[in-house]
There are 2 protein chains.
Amino acid sequence: MPVPSPPTRPALRARYDARRSEVVATAAALFAERGYDGTSMSELTEATGLAAGGLYHYIEGKEDLLIAICDELLEPLLERAREIVAAEAPAVEQLRELVGAWVAHVVEHRHHMLVFTQERQAIERERRWRRVRSQRQAFERILDEVLARGEADGTMTFADRRLSLLALLGMVNYTPQWVRPGGRLSPGEIADGYCAMVLSGT
Amino acid sequence: MPVPSPPTRPALRARYDARRSEVVATAAALFAERGYDGTSMSELTEATGLAAGGLYHYIEGKEDLLIAICDELLEPLLERAREIVAAEAPAVEQLRELVGAWVAHVVEHRHHMLVFTQERQAIERERRWRRVRSQRQAFERILDEVLARGEADGTMTFADRRLSLLALLGMVNYTPQWVRPGGRLSPGEIADGYCAMVLSGT
DNA sequence: CACAATACCGAATCAGCGTTCGGTATTCGC
DNA sequence: GCGAATACCGAACGCTGATTCGGTATTGTG
C-alpha cells in the first residue's frame, strides 16, 4: 500500500494522530503565508522538524494536506450550523448564532481559511474536490434558508436577498485577511456588526 | 539587455502595444481560471497562438504578467477614485459614486481582480510589489476618508467605522467570484445594495 | 531593392520540486 | 529482552516547467 495507514497498535495511535494534525497545522500556517504552490515540501519538513521522507508517514502527498486543511475547516463548522438550525428559534436569532459561530471559526482557523479561499479555483474545478465543494455549498444553503425564513415571516427585509447573502459571504470570508488574534474587536463584536449591516432593512 | 524593449520605430509601436495587452488579457483569463502557478507558459503560448520563445518578446518573465495585470486593474481605478473625491460633493454622494465605479470596474475586469485577490499573499510579502501594494492602500485610504467625513458631519453613522470599511472591502472584493456578465443584477444595482448595507445606520 | 529592425520559432537547458526507497533507530507487546 | 511494528532519515530520481538562444521569416525605411 502506498497509503500511509495509521498504526494498528492502539498505544501508538494517539501519538500518530497528534503528530499528523501538528503537521497539518504547520502546513496550514505556511500555506497561508506563502501560498500552496509557493511552499515547498522541504520548507515544510524544516518547519516540522522532520526530514525529507519523514513527512510521508503522515500524508499521502502534498495535496493530501490541502484536503485535510479543508476538512478540518468545513466539517466542524457545518456540523455546528446544522445544530443551530435544528433548534427551534426565530430566524433572526438563528442568523445571529450562525454568523457568530462562523466568524469565531474563521478567526480561530484563519490559516485554514486563508488556504481555502486562496486555492478556491482549484477546489471548484477538479473532481476530487467534490466533497469539500459540497460542504461549502451545504453551508451556504443553510444560510440562505435562514434568510428566506426570516423574509417569509416578515422579520427580515431585503432589497435583494441573494445579494445580501453574497455580501455576507464576502464580509466573513474576507475577515481572516485582516483579523489579528487579540485585536481591537472580538469575534462576537465583528459578527454583530456584520449582522446589523445585513439586517439593516429590518 | 534582457528586457524586451518596445520597438523604436513608431509605425510598429502600436501593433506591439496591442499584441502585448492582448497577451496580458489572455494571461489574466487563464490565471483567473487555473491560478497563476496552475498555468504553464506553454498553455499561455497556445492560448495566444505564439510559440514557446515568442512570448518573451513582450514580457520579461512570468511574473511580469502579474505586475501588468495588477497595474491595469489598480491604476485606472485609483485615478477615477481621486477624481471623485476631488470634486466637492457630500460624503454620502461621493461614497455612492466610489462604490459604483469600483463595482463596475471589478466586474468588467473580474479576471484581473480574481488574479489580484488570489495572489495577494505574494503581493503583500515581497519587495518588488511595493508599488501595487501602495496603490491598494491608497484606494482604501480614500474610502476611509470619505467614511470619516460622513461620520464627522453627521450624515453617516457607524457602530464601528473601521469594521464597516472592512466589510465593504469584503463584499466588493468577493463580487468577481460570483458575478456573471449579463447576470440578473447590474453593477449599479449591486453597488447600491452594498451602499445601503454599509450606510444602514443612517 | 537592400539593410536593419523587428517578430517569431522551437529544440535545448537548467533548476527546483515532489516523491521514492533502502536502510537505521526507536518503541511497544509478549 | 526479543521480535515485530513503527518512526524517521536522506540521497537519488524523474519530471515539469520557465527561460535561453541561435536561427529564420517578415516588415518598415532610405
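A residue is counted as buried if 20 or more other C-beta atoms lie within 10 Å of its own. By this criterion, in the predicted model, helix α1 of chain A contains the buried residues A:V23, A:V24, A:T26, A:A27, A:A28, A:L30, A:F31 and A:A32. The elements that cover the buried residues of α1(A) include α2 (41-48), α3 (62-86) and α5 (110-118) of chain A. In an α-helix there are 3.6 residues a turn, so residues three or four places apart point the same way.

Helix α1 of chain A runs over residues 10-34. Just after α1(A), A:G35 adopts a positive phi of about 90°.

The two protein chains were compared by superposition. Chain B is superposed on chain A by a rotation of 179° with 0.0 Å of shift along its axis, at an RMSD of 0.1 Å. This is the relation of a two-fold axis.

In the interface between the chains, 27 residues of chain B are in contact with 27 residues of chain A. On the side of chain B that touches chain A, at least two residues each are supplied by α1, α6 (120-125), α8 (161-174) and α9 (187-198) of chain B. Helix α8(B) gives the most to this side, with eight residues. The side of chain B that touches chain A is made up of 15 nonpolar, eight polar and four charged residues. Of the interface residues of chain B, 100% are also interface residues in chain A, so the copies meet through the same surface.

DNA strand C has 26 residues around it, of which A:M41, A:G53, A:G61, B:G53 and B:G54 come nearest. Two or more residues of the surface near DNA strand C come from each of α1 and α2 of chain A and α1 of chain B. The largest share, four residues, is that of α1(B). This surface near DNA strand C comprises 13 nonpolar, eight polar and five charged residues.

DNA strand D is likewise surrounded by 26 residues, the closest being A:G53, A:G54, B:M41, B:G53 and B:G61. Here the elements giving two or more residues are α1 of chain A together with α1 (10-34) and α2 (41-48) of chain B. Helix α1(A) provides the largest share of the surface near DNA strand D, with four residues. By class, the residues near DNA strand D are 13 nonpolar, eight polar and five charged.

Technical notes. Residues numbered from 1 in each chain as written. Chains lettered and ligands numbered in written order. Predicted model: local features only at pLDDT ≥ 70, side-chain atom pairs only at ≥ 80, totals over all residues. Expected span 1.5 Å × (residues − 1). Buried ≥ 20, exposed ≤ 12 C-beta atoms within 10 Å, placed from the backbone. Contact = placed C-beta atoms within 7 Å. Near = placed C-beta within 6 Å. Nonpolar A, V, L, I, M, F, W, Y, C, P; charged D, E, K, R; others polar. Least-squares fit on C-alpha atoms with pLDDT ≥ 70 in both.
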